[in-house]
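Visitor: I would like a quick tour of this model. Please tell me what each term rests on.

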Amino acid sequence: MIKILIVEDEKPIADLLDMSLTAAGYHCDCVDNGLAAADAVEEVRYDLILLDVMLPGSDGFELMDYFAPLNIPVIFTTARGSVKDRIKGLKLGADDYIVKPFEIAELLARVETVLRRCHKTDSLLTLDDVVVDTQSRVVTKAGAIVQLTAKEYNLLLLFLQNKNIALFRETIYERVWENDYMGDSRTVDLHVQRLRKKLGWQERIAAVYKVGYRLEVREP
Amino acid sequence: MKFAWKVTLAAVSILVLSMGVGCYLIISLSFRSALDREIDLALEEMQMLRISYEAVCDARGITLENIGERSRGLRRTLTEEPYFADRQFRVSTREGAQVYSNLTAGSDQELLDSIDSRSTGYVVRSSQPGQVLVHFAGPVALPDGFLYMETVRDISSLFTDRETHFQVYRWILLIVAAVGSAVLFFLSYLLTRPIRTLGRVSTQLARGDYTPRAAVSGGDELGELAAHFNHMADAIEKNVQELEDAARRQEDFTASFVHELKTPLTSIIGYADMLRSRRMDGDAAFKAANYIFSEGKRLENLSLSLMSLLVVGHGQADARPVHMLRLCQRAEQISQPAMEAKGLALSVSAEECVLAGDSALLQTLVQNLLDNARKASEAGGSVILTGTVLDAGYRLQVSDQGRGIPEEELGKITEPFYMVDKSRSRAEGGAGLGLALCKEIAALHRGTLRFASRLGGGTTVTVDLEGMGDG
């Protein structure tokens, strides 16, 4: 199981991250200061660290010096969204930078991406007889290759990263098309229809009334 | 050209010029006097010779008439007598007829023409290169008229001496110029060193490095200039420091504000997102909803505090008479329930005084201080509010026996968003703006805020208020 260390001094946010990531199938530990974070890293081999920049006692940027040699990927979570701060964080060796406030879907996608890039997760995502190779971007169903457009592929990835979570049409649009949602839902609906048909997932991808869609997976 | 070079060049020019002119004058004058002395000597000698000649003529009874036939005897006397034999001279008549001569240089008729029986004359001439002669002429008195005597003196040595003097003098001048230049350059280099130091330091200042100072001492103008310069550098450094501090405070404020704003927003958006997109069980849903509520409250607190801070910061308050005793009593009434709930004893003792101010703001000030005291105290402790009349104004004092403030934090606690114990403040709903607001309110009433605290031994806050302007 992937282990994630959450370094965050704001209890509500730490809980939020914990709940979201646990629901997505990760194991999470929370600490609220730099010293505890350093201790935790020595005891447990973490796969990813979510690091707040403004911490009591020490600055998250300073902690980077401590984490970098351990070769653990780090994602900064911070309210400091200036370009200067982002560059500073990334230059220090952070793998990504999430600016508060963020949406859960975005957080999960970024966590997933960083983990995959660092080969912490299997590059193969499997559900039923559908296998997605995230490295070669090839999708197969029962061994046969399924031809997907780039948007359909991204849409599939988004569903697989957010199992059992109702995805709002605007969230889907913003994550897949990387544009601001202008209120036109037909594009999203059309692509979801095509994906369902190509994968035979009419039942799996359920429509949520007035919201959007949800990939339903029965918990084991 | 460097200043040191200019000084050296100017000084050496003056030195060489003055030495040149001075020595030329000295050499010329001494030559002149030597020449005069030589001529005087020669004239005297000729005088003697003329008198001796006259004596010889007188003894031999020679007159102008008989000089023709007696000249042979006279010539013999003149050649035999050592006094005359040693001297070169010529004797002739007015018309130029030679009477006696052993003079190698010959006669000078022009000179003879220029004199008469009562005067002597001389002329300086150079018969051949390197030789300078003085030709003298003077009358010799005989009983019946005058003969004229000519003598010549060689004064070439005077001229060669002068030439030698000039030669030596040129060498001396050259050496003085060379040595003088070296010494002067060294001296002016030393003297202009403070200027170079100032130049170097000012370049550093211009580059934005405000720490270096001109290490120049001494009471001369350059020392004074350096002292003034250093004062100026101090002032610049101080101003720049102040500007940087102000900019940093502004930046810190913005960063803290953004953080304080975005943190609750993150929770609210995140939990709301979770609630709307996931099927959650009852406990988790309650937790999420509760966080949304509490973080929403936190945002509300923040906005209220910020509003007050803005209002006070812009000085938008009315000056009205405020009865301080009534204000303290009201504070007691408001705070009493919360104090009792925590098991704290609140005692208030205040003197009556009417102060010009905004009663709502002053109430906020007192309430904030009492709240802080309450939050810092443990059950069983006591909080004391006192109000004392001062010569000019009023003193409010709030003391507690709570946990105190670490000494190194005392300077920062009135900064907006600063929290000594962040998690505890958070838990009690603080946004870190209370004391910043108190400071602004005090400043509005021309007052000051002072803190005395010992870790674990309680805190005393003293507020001295003068009251608002003339109102």
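Guide: The secondary structure of chain B comes to 12 helices and 12 strands. Chain A has eight helices and 12 strands. This is a predicted model: local features need pLDDT of at least 70, side-chain atom pairs need 80 or more, and totals for chains, interfaces and linings use all residues. Residues are numbered from 1 along each chain as its sequence is written, and chains are lettered from A and ligands numbered from 1 in the order in which they are written.

Visitor: Why is helix 12 of chain B called mostly covered?

Guide: A residue is buried if 20 or more other C-beta atoms lie within 10 Å of its own, exposed if 12 or fewer, and partly exposed in between; C-beta atoms are placed from the backbone. In helix 12 (residues 434–444) of chain B, 10 of the 11 residues are buried. Among them are L435(B), C438(B), K439(B) and E440(B). The cover includes helix 8, helix 10 (359–376), strand 11 (448–454) and strand 12 (458–465) of chain B. Just after helix 12 of chain B, R446(B) takes a positive phi of about 50°.

Visitor: How much of each chain counts as buried?

Guide: For chain B, 26% of 471 residues. For chain A, 38% of 220 residues.

Visitor: Why are helix 1 and helix 5 of chain B called roughly antiparallel?

Guide: Their axes cross at roughly 160° and come within 9 Å. Axes are lines fitted to C-alpha atoms, for helices over the stretch in contact, and angles run from 0 to 180 degrees between N-to-C directions. Under 35 degrees counts as roughly parallel, over 145 as roughly antiparallel, 65 to 115 as roughly perpendicular, and the rest as oblique. Helix 1 and helix 5 of chain B are therefore roughly antiparallel to each other.

Visitor: How do you know which residues of chain B touch chain A?

Guide: Two residues are in contact if their C-beta atoms, placed from the backbone, lie within 7 Å. By that test, 20 residues of chain B are in contact with 22 residues of chain A. Helix 7 (221–277), helix 8 (282–313) and helix 11 (422–427) of chain B each give two or more residues to this side. Helix 7 of chain B gives the largest share, 14 residues.

Note on methods: Helix = DSSP H or I, 4+ residues; strand = E, 2+ residues; numbered from the N terminus.
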